[in-house]
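Work through these exercises with the structure open beside you. Try each task before you read its solution.

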Amino acid sequence: MALSAVMALSAQAQEMTLKLGHLANEANSWHKASLLFGEEVAKRTDGRIKVEVYPNDSLGREVDLINGMQLGTVEMTITGETLQNWAPMAAMLALPYAYKSLEDMDRVASGEIGKQIEEQIIERAQVRPLAYFARGPRNLTANRAIKAPADLNGMRLRVPNVPLFVDAWSAMGAQPLPMAFSEVFTSLQNGTLDGQENPLALIQSASFNEVQTHVNLTEHVRSWIYLTIAEQTWSQLSEEDQGHLMEAAKIAQEFERKQFLSDEDAIRADLEKKGMTFVEVDQQAFADASRDAVIKSVDESIRPTVEKLFAQ
């Protein structure tokens, strides 16, 4: 009995380090929320569980991190629609022109559809969402104004390694090229790419203003992204510590939302000050050009749900 008590006490005192890698830089709200998450975890576990945060793809690229989580070499990352490579429902995190507003997106992400998405990600990707962060609408940057799909004209455009994005931009007239985020700046600089598409926060944090002159306000994707932990790491935690991580994740989510909302206007002003021109576009034309490709691209199992979203 005494030995059992000592072993139990030792297990309780055992330290664990969770490595959390992501693609954004230190100024991004995701990174700030990740740091807060780590602080809250340490506080709730009396320092037994430590979270080490690695920004700027320094721990690896997004797909590599997901693979690492499945293999047990990485514990955590921030990831979103890339998960559709394992779980088809994850495509719904970033459907072009599916969500009209932040509130519309929240309704889906926090509702029944959101729960179904999370369950499939856990089952098929072996990655567990703990919280979600809002993302600003994705906009198209280039060195010229692009107001309608006809203006794309085969533009070499970087997209994430997501088949849905490739299909949608192909339908709109671009030449989409899947590429790791860490390679985009250099590829824009040397002319391998003509443009890229991302939320304003990533456009700013990646300093794309140094290699792109225009932000074309396509706002083609409103989406969310998950703070995740490897399912095998999660299963090693006690129920009490799982609760601590969920509490810390909730606080991080609330913090990130406030940070995100306050940042958007400031980021646009900063990019304009740095010389970028913001261009209003015919969003309906982009939506019409991409809709059939989006519906066709998603897995048949979620196609009725996607069609219902567009109908709304």
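**Exercise 1. Is Phe208 buried or exposed?**

Solution. This is a predicted model. Start with the relative accessible area of Phe208, which is 1%. Buried means under 20%. Phe208 is therefore buried.

**Exercise 2. Classify the ring pair of Phe181 and Phe208.**

Solution. 
- Step 1: take the distance. The ring centres of Phe181 and Phe208 lie 5.9 Å apart. The limit for a pair is 6.5 Å.
- Step 2: take the angle. The two planes stand at 65 degrees. Over 60 degrees counts as edge-to-face, so Phe181 and Phe208 form an edge-to-face pair.
- Step 3: place the residues. Phe181 is in the loop between strand 6 (175-178) and helix 7 (184-189). Phe208 is in the loop between helix 8 (200-205) and strand 8. The pair therefore ties together parts that are 27 residues apart in sequence.
- Step 4: check the burial of Phe181. Its relative accessible area is 12%, so Phe181 is buried.

**Exercise 3. Classify the ring pair of Tyr99 and Trp224.**

Solution. 
- Step 1: count the pairs. The structure has three aromatic pairs.
- Step 2: take distance and angle. The rings of Tyr99 and Trp224 have centres 6.0 Å apart and planes at 50 degrees, so this pair is tilted.
- Step 3: place the residues. Tyr99 sits in the loop between strand 3 (76-79) and helix 4 (102-109). Trp224 belongs to strand 8 (residues 214-230).
- Step 4: check burial. Both Tyr99 and Trp224 are buried.

**Exercise 4. Describe how helix 2 and helix 10 pack.**

Solution. 
- Step 1: know what to report. Two packed helices are described by the angle between their axes and the distance between the axes.
- Step 2: read both values. Helix 2 (residues 29-44) and helix 10 (residues 239-273) pack at about 150 degrees, with axes 8 Å apart.
- Step 3: name the arrangement. Angles over 145 degrees count as roughly antiparallel, so helix 2 and helix 10 are roughly antiparallel. Their crossing is right-handed.
- Step 4: inspect the contact. Helix 2 brings residues including Trp30, Leu36 and Phe37. Helix 10 brings residues including Ile251, Phe255 and Phe260. By class, the contact has 12 nonpolar, three polar and six charged residues.

**Exercise 5. Which residues does Ser297 contact, leaving aside its neighbours within four places in sequence?**

Solution. Find Ser297 in helix 11 (residues 283-297). Beyond those neighbours, Ser297 touches Pro163, Leu164 and Asp167. Ser297 has 22% relative accessibility, so it counts as partly exposed.

Notes
Residues are numbered from 1 along each chain as its sequence is written. This is a predicted model: local features need pLDDT of at least 70, side-chain atom pairs count only at pLDDT 80 or more; totals for chains, interfaces and linings use all residues. Side-chain values use heavy atoms; hydrogens and water are left out. Rings of Phe, Tyr and Trp (its six-membered ring) pair if their centres lie within 6.5 Å; planes under 30 degrees apart count as stacked, over 60 as edge-to-face and the rest as tilted. Helices (H or I, at least four residues) and strands (E, at least two) are DSSP runs, numbered from the N terminus. Buried means under 20% relative accessible area, exposed over 50%, partly exposed in between (1.4 Å probe, protein chains only). Contact means heavy atoms within 4.5 Å. Axes are lines fitted to C-alpha atoms, for helices over the stretch in contact, and angles run from 0 to 180 degrees between N-to-C directions. Angles under 35 degrees count as roughly parallel, over 145 as roughly antiparallel, 65 to 115 as roughly perpendicular and the rest as oblique. A crossing is left-handed if the near helix is turned anticlockwise from the far one by less than a right angle, and right-handed if clockwise. Ala, Val, Leu, Ile, Met, Phe, Trp, Tyr, Cys and Pro count as nonpolar, Asp, Glu, Lys and Arg as charged, and the others, Gly among them, as polar.
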